[in-house]
Amino acid sequence: MHTSRGSRLWRRIWAARYLYLMFLPVLIYYIVFRYGPMLGLSIAFKKYDLIKGFTGSKWVGFKYFQQFFNSIYVWRLLRNTLLINLYDLIFNFPAAIMLALLINEVQNRRFKKTVQTITYMPYFISSVVLASMVVQFLSPSSGIINNLIASMGGERQYFMVQPESFRTIFTIMNLWKSIGWNSIIFLAAISGINGELYEACRVDGGGYLRQMWHITLPGIASTIVVLLIMRLGHVMDVGYETILLLQNNANQETSDVIGTYVYRRGLKGGEYSYGTAVGMFQSVVGFSLVILANWLSRRYSDTSLW
Amino acid sequence: MELTRKHTGIRVAPSRKAFLIFNTVFLLLICFVMLYPVIYVVAASFSEETAILRGDVTFIPVGAHVKAYQKVFVYPLLWQSYSNTLLYTVLGTAINLTLTVFGGWALSQRKMVGRRFFTLMCVFTMFFNGGMIPTFLVVKGLGMLNTIWAIVLPGAVSTYNMILMRTFFRQIPDSLVEAAELDGCRDFGILFRIVLPLSLASLMTIGMFYAVAHWNAYFSAVLYLSKPELYPLQIILRQVVLLNEIVENSTSTENVMAEGIKYATIVVAMLPMLCIYPFVQRYFVKGVMIGSVKE
């Protein structure tokens, strides 16, 4: 009986052999490039030796984690990561909702399409072009911002080396880049609201802003909640690749985040084990937050990733 | 919704009118803010250096000339990097699409035993990964440093896109697949002759996202490439504008137009994207919509 069940399974697998053949390269990809590095995380607990490799290096336990938690960097990196996300949440998230509400009110179809096309555009500009524009525009000698400040009688500022300006610069840059793109999802949610609700509100004498306040916003409230919760799962993520482009020794105090630190210390500095430990700390916290966010989302809004 | 409003709102209240005017002006202002940086960069790239430095450039080039572009175009690595980026984008996107379609199709088929396990295995990597250094060591261990494979293979499949593709494939009726099977089509034939022609719009959308990501990528090149002849365009831009390399290496005559050269390089790097963007924009928006629909 056991063999017959086994052979039945085999027959089913054989029947799908071409599907497995198709899946094979994908499987190899995931094993090599996704799960391979996960095994490589073991070097966070070893003193990685270039010659001895993954397996031959000596175990050192939590040494590198302790080194990180005892350093001044842990709070600085966490603070910077969380504050950049907080700024984004306070300014850029509501801004996208606002933009969606305003675009939704446009009656002229062509104007609406044009506004959408233009506001989505910056999202497709590369991070290097973006960072280049920021640096150029803020240049103390020739940037348009400083030229404007100077023409109004102000003093030229070297913004890129001021630690206190970095978060503002980065937040405004992200606002420009993604406000349009982030509004798409809210626009989609708004278009799903039942039109009769507006009619009812109008019959009751509801004015224009009242409709926005009592129908549109509640209508997209669940979308907002879900996106907010999902964002919670990603508060450990920042666009470190862009930050790296804007970073210099002078603004590091506020611009340094885990990604840039791992790159600088771990990869460029050759401290592979230490860098891996720091990166792993981020991955583990990030993973826990995603699970927490998903649990919250399922609990409060019946929407979940799994 | 728009329709009902138009039909019922016969009288337009003055407050409503005021709001609409405000709204139009405000949105025009936002469009201006979105476009102005790009306009300024283009204008500055054609302007005299002194005009840029004095802040005379606003919308149109001052003392229009193409000298900055002449300097940029003779920069030896520029054309090389352009063709590198083109190659990385084309080959990378081809690999991306092939694997995403194969994976998405296999995982969408009920007759594949263990598809749940495989799906879970793929999805897990969306939330947990080995990180920068272990991935670097894997790429290095495979001997891929300073090869095109380091650029196109580590990100060969986006799990998110593959799951999107799977969701899309699931909507294809089983009867269609069964009919094809009766006609003697085998799995590859079904996929290529029946399913893919039905999925062109989705393929376009996902392909666009992959292609843009390749065109804009710079960090994998920073990590994995150290030979200048392999650099993609974005790395050259970074060297010119952010690391000031042309300026430092150049003679005094070129120094005189440092800013113009930087702006011209920015234009060269973003031009292709801006040119095709208006035409492919709708595919991107469609992609967000597919993604926002829960299965």
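**Two helices of chain B**

Modeller: In chain B, helix H6 (residues 115-127) and helix H9 (residues 159-170) have axes that come within 9 Å and cross at roughly 140°. Here helices are DSSP runs of H or I with at least four residues, numbered from the N terminus, while axes are lines fitted to C-alpha atoms over the stretch in contact, with angles from 0 to 180 degrees between N-to-C directions. H6(B) is therefore oblique to H9(B), since angles under 35 degrees count as roughly parallel, over 145 as roughly antiparallel, 65 to 115 as roughly perpendicular and the rest as oblique.

This is a predicted model, in which local features need pLDDT of at least 70 and side-chain atom pairs count only at pLDDT 80 or more, whereas totals for chains, interfaces and linings use all residues. Residues are numbered from 1 along each chain as its sequence is written, and chains are lettered from A and ligands numbered from 1 in the order in which they are written.

As for the residues that meet, H6(B) brings B:Cys122, B:Val123, B:Thr125 and B:Met126, and H9(B) brings B:Thr159, B:Tyr160, B:Met162 and B:Ile163, where contact means that C-beta atoms, placed from the backbone, lie within 7 Å. Sorted by class, this contact holds six nonpolar, two polar and no charged residues, with Ala, Val, Leu, Ile, Met, Phe, Trp, Tyr, Cys and Pro counted as nonpolar, Asp, Glu, Lys and Arg as charged, and the others, Gly among them, as polar.

Beyond this pair, 76 residues of chain B are in contact with 74 residues of chain A, and helix H2 (residues 17-40) of chain A gives the most to chain A's side, with 15 residues. That side of chain A divides into 47 nonpolar, 21 polar and six charged residues.

Notes:
Two residues are in contact if their C-beta atoms, placed from the backbone, lie within 7 Å.
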